[in-house]
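The sequence and the model are shown first.

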Amino acid sequence: MSEEQSRGRRRPSREYHQAPSTSRRPREPSITEEPRAKVFRREFESPYEKPTTSKDSAKRHPGAGDGGGAGGRKKRERVSYEIVHTKPADIVSKRGTGGREIRLLANYYRLLTTPTWKIHQYHVTFAPEVELKRLRGGLLYEHRGILGGYLYDGMKLFCTNKLSLEQTILHTTSKNNEKFVLTLKHVGVLGMDQWESLQVLNLIVRRAMEGLKLQPIQRNYYDPQAKIDIREHRMQLWPGYQTSVRQHERDILLCVEIAHKVMRTETLYDILQRCLETTRDYQEDFRRHVIGMIVLTDYNNKTYSVNDIDFAKTPKETFSFKNQEVSFIDYYYKKYNIRIRDANQPLLISKAKLRSIRGGENEIIILIPELCRPTGLTDTMRSNMQLMRAMADHTRLEPRGRMDRLRTFNRRLQQTEGSVRILKDWNMTLDTKLVELSGRILDPQRIVFKDHNKLSAGDNADWTRLFRDNGLFTTPTRGLERWCVISPTRYARESRNFVESLMRAGRGMGMEIGRPEELMIPDDRNHTYIQAMEECCRRDPQLVLCLVPNNNAERYASIKKKSYLERAVPTQIITQKSASNQRGIMSIATKVAIQINCKLGYTPWMIDLPLSGLMTIGYDISKCPKDKSKAFCALVASMDMKQNATFYSTVAECSPGDALASNLWPMMTKALRQYRKEHEKLPNRILFYRDGIGEGSLKQVYEHEVRDVVEKLEAEYKRCNAEKPPMFAYVVVTKSINTRFFYGERNPPPGTVVDDVVTLPERYDFFLVSQSVRQGTVSPTSYNVVHSTIRLTPDQMQLLTYKMCHLYYNWSGTTRVPAVCQYAKKLASLVGTALYQPPQNALEKKLYYL
């Protein structure tokens, strides 16, 4: 920061109001006569000429809603979703009985109601007709005494009071002495299985939370008064709450989760300054950093999404405000006592939400960069380990601390007069205690090593120490005999020491690792590594190990592209820091030896699995971080683990915006044919785990994708002359959930299953805590069985899912999701971040992406 800036005077290093670049010309907004000077409505014709009236601003203009300019990103509107009934018709009970029963607490509170509590729906009409939603709401508010607690969306009225007549006529007079007749027609009673009831319940709680004086940001509420400053990284953490209400198995439950919002102390003006100083085309660079960003304006504590930037306009522009021409500079000084320091900065354009536009608000909002603070983390920040560690000190709450915060939230809600009044108006009260429920702990699973030696994984589901006395399940017959090591000459000693440790670790696990061919390179440039890779590949190696100086993403991508797209040779990359870590060298070498064994197509360990003829499939999608228009889907399938403990992997490009997996069936066909090639028959059972589905996409996937897969499976088995189609189950796996469980004041142990109380009545679902965590609160995974002809009881389905969490070979412990899902995520991420196209088919039977 310059000396002038440190004293508070910003110096413009270039003129911002030059003509915008030809690559992206921002659309120009027009001025309105709204009382808030920062708000504009887009007009058809010339900008900054024809002001609209407040009446006009309530109407949608033709062509409006196009994303806020040529350079703007389209922001997907949040769509209300239905409560999707996915429970298979033949499922009588989804509760299991296996394992040891324990008592748990969950981060839910019961909303207590009377036995006759109902939500009544009315259709409201006005005579004469009223166009503005705000005015309709004001007229209805005059009759709040007979309505009690109510919600009104402009057409429909929801309340718990049942009016005496099916059609009620109300009379009211506006402030302008206009007389109106309101007709309320009773439509019916909302069932708790209807999506409107879910919306009403959530709106009731959000209104109650408004009394806590929290700041709403998007869907959550945060407490700016309790902010945590992380000054060394120029950011703040705002603690807050995520809430959701819906009908669960027997009660209406309020789920409360602790949330934190990252608020950066720098402004968008600071980002603009960096772009000016570091790049030639600063306008394009600023657009790339800012468009799509959620920003906070401190003067009114509101958040906006930046859709475009107008470099042709500055805060010196004037607009009509109370019949006077006022500049942005004067407006902010008179209204908020804020001096805009740089009069030449560009203007930011934000497009209002569709819901706000329908309510009569303006479509286009103009923002000033120096008054906007960015929220959230950038990719650069996420890769800063010091920053993430500093944040984790505040956000990674232990179970006891999380429970204390949840109880504090409850007390505040119970003791705040406005919050209590809202709930009372709706004839509801909030329980003071966290929901208590029963869970079950499944027995520790047995891990199978060399010579079918079976040992328990232990209560913590971690079998790292068992490798000291047990060999890998399967290894190459002649070991790793043809392999190469590429290392810069200056790291020759570290390279040779690590190879010796790797050979020693391999021998301890029954894997013979021969001495490699060494290829020393003079420098660590990408091109030098690629040339060395080409030379090594001419010798037909089983594997190439590259020692690199650091975690450089470009170098990593170059090596992986050469090996997986051109040569189909597995590679292992290790950094100089890891290779020279003398204290933990044997631990690192052991893990690398296990990875190498997998990359050669062999299996380090297996699980004790009673079923034969079973194929488990995992499917996931990963978007390209550099190109948002691209995404890759990956499918990983197990072969029959009773006979051949291997996996088949395939990946394809897909559309990032599609909820349905258009490439799913071709990928499944490949896996089925590979299974038939190895076993001379198709699998009897297929257990399909589908990751990457949001709540809003569940209905579409359930009605189309599941049906399509079932029909094509039947056709494929019929084509192959199979006696009958496979027993098939389709399970939706969801990691991003707010549910948390507490075992006393500790985390539940691995293998904890919950299939009642907090599950949903319209689903065949259960929660599973499969992993063990040493810090923070463990996050369970939700499993929703949307189709099942697999003929497994709930106990067997839960146990089989838990067993599948033991087979991820990058970690000698359980994972949060079944291994096939974790492999699919790993493969899709590798292709989406480094390769950008599917690898060669010769690698499909190897876990080359570990």
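Is D223 buried or exposed? The model is predicted, and in it D223 has a relative accessible area of 14%. Because buried residues are those under 20%, D223 counts as buried. The residue lies in a loop that joins strand 10 (220-222) to strand 11 (228-230). Beyond its neighbours within four places in sequence, D223 makes contact with L214, P239 and R412.

Helix 18 (residues 664-679) and helix 19 (residues 698-719) have axes 11 Å apart and meet at an angle of about 35°. Their crossing is right-handed. From helix 18, the residues L664, W665, M668, L672 and R673 take part, and they meet E705, V709, K712, L713, E716, Y717 and R719 of helix 19. Of the residues in this contact, seven are nonpolar, five are charged and none is polar.

The table sets out the elements with the lowest and the highest confidence.

| Element | Residues | Mean pLDDT |
|---|---|---|
| Helix 1 (lowest) | 3-6 | 37 |
| Strand 37 (highest) | 752-754 | 97 |

Over residues 1-80, pLDDT remains under 50.

Terms used. Residues numbered from 1 in each chain as written. Predicted model: local features only at pLDDT ≥ 70, side-chain atom pairs only at ≥ 80, totals over all residues. Heavy atoms only, no water. Helix = DSSP H or I, 4+ residues; strand = E, 2+ residues; numbered from the N terminus. Buried < 20%, exposed > 50% of the residue type's maximum accessible area, 1.4 Å probe, protein only. Contact = heavy atoms within 4.5 Å. Axes fitted to C-alpha atoms, helices over the stretch in contact; angles between N-to-C directions. Left-handed = near helix turned anticlockwise from the far one by under 90°. Nonpolar A, V, L, I, M, F, W, Y, C, P; charged D, E, K, R; others polar. pLDDT = per-residue confidence, 0-100.
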